[in-house]
Amino acid sequence: DEKTAADFGVDVSPRLEVVKTAEPPERKAGMMVGSVDELVEKLKDLGVVG
């Protein structure tokens, strides 16, 4: 026997509506560092760490 979702009392109707889709904003290019010390120095220069 084949059963449907309705046979089990399950409502499978869509509950979400797609309003719009859009590409995420483009990210700036990152920077490469050669060591942890250089990373910490760059982060300090950018004011990210104290």
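A nonpolar patch on the surface is formed by Met-31, Val-33, Val-36, Leu-39, Val-40, Leu-46, Val-48 and Val-49, which together have about 690 Å² of accessible area. Patches are made of residues with over 30% relative accessible area and no salt bridge; nonpolar side chains (Val, Leu, Ile, Met, Phe, Trp, Tyr) are joined within 5 Å and like charges within 9 Å. Accessible areas come from the Shrake-Rupley method with a 1.4 Å probe, and for residues only the protein chains shown count as cover. This is a predicted model, in which local features need pLDDT of at least 70 and side-chain atom pairs count only at pLDDT 80 or more, while totals for chains, interfaces and linings use all residues. Residues are numbered from 1 along each chain as its sequence is written, and side-chain values use heavy atoms, with hydrogens and water left out.

Val-49, a member of the nonpolar patch, lies in the segment after helix 1. Asp-37 lies within helix 1, which spans residues 36-45. With Glu-38, Glu-41 and Asp-45, Asp-37 forms a negative surface patch.

The chain carries 7 positive and 11 negative side chains, and the centres of the two sets lie 7 Å apart. Lys and Arg count as positive and Asp and Glu as negative, with His and the chain ends not counted; each charge is placed at NZ of Lys, CZ of Arg, CG of Asp or CD of Glu.

Side chains of opposite charge can pair when their charged atoms come close. One salt bridge (a side-chain nitrogen of Lys or Arg within 4 Å of a carboxyl oxygen of Asp or Glu) is found in the whole structure. Arg-15 and Asp-11 form a salt bridge, with their closest N and O atoms 3.6 Å apart.

The table lists relative accessible areas; buried means under 20%, exposed over 50%, and partly exposed in between (1.4 Å probe, protein chains only).

| Residue | Relative accessible area | Class |
|---|---|---|
| Asp-11 | 48% | partly exposed |
| Ser-13 | 33% | partly exposed |
| Arg-15 | 64% | exposed |
| Asp-37 | 63% | exposed |
| Val-49 | 37% | partly exposed |

Of the 50 residues of the chain, 0% count as buried. The accessible surface of the chain is about 5500 Å², and 55% of this belongs to carbon and sulfur atoms.

The radius of gyration of the chain is 26 Å, whereas a compact globule of 50 residues would have one near 10 Å. This radius is taken over C-alpha atoms, and the globule rule is 2.2 Å times the number of residues to the power 0.38. Along the principal axes, the C-alpha atoms fill a box of roughly 70 × 25 × 20 Å. Ser-13 is found in the segment before helix 1; its C-alpha atom is separated by 52 Å from that of Val-33, 20 residues apart along the chain.

Technical notes
Helices (H or I, at least four residues) and strands (E, at least two) are DSSP runs, numbered from the N terminus.
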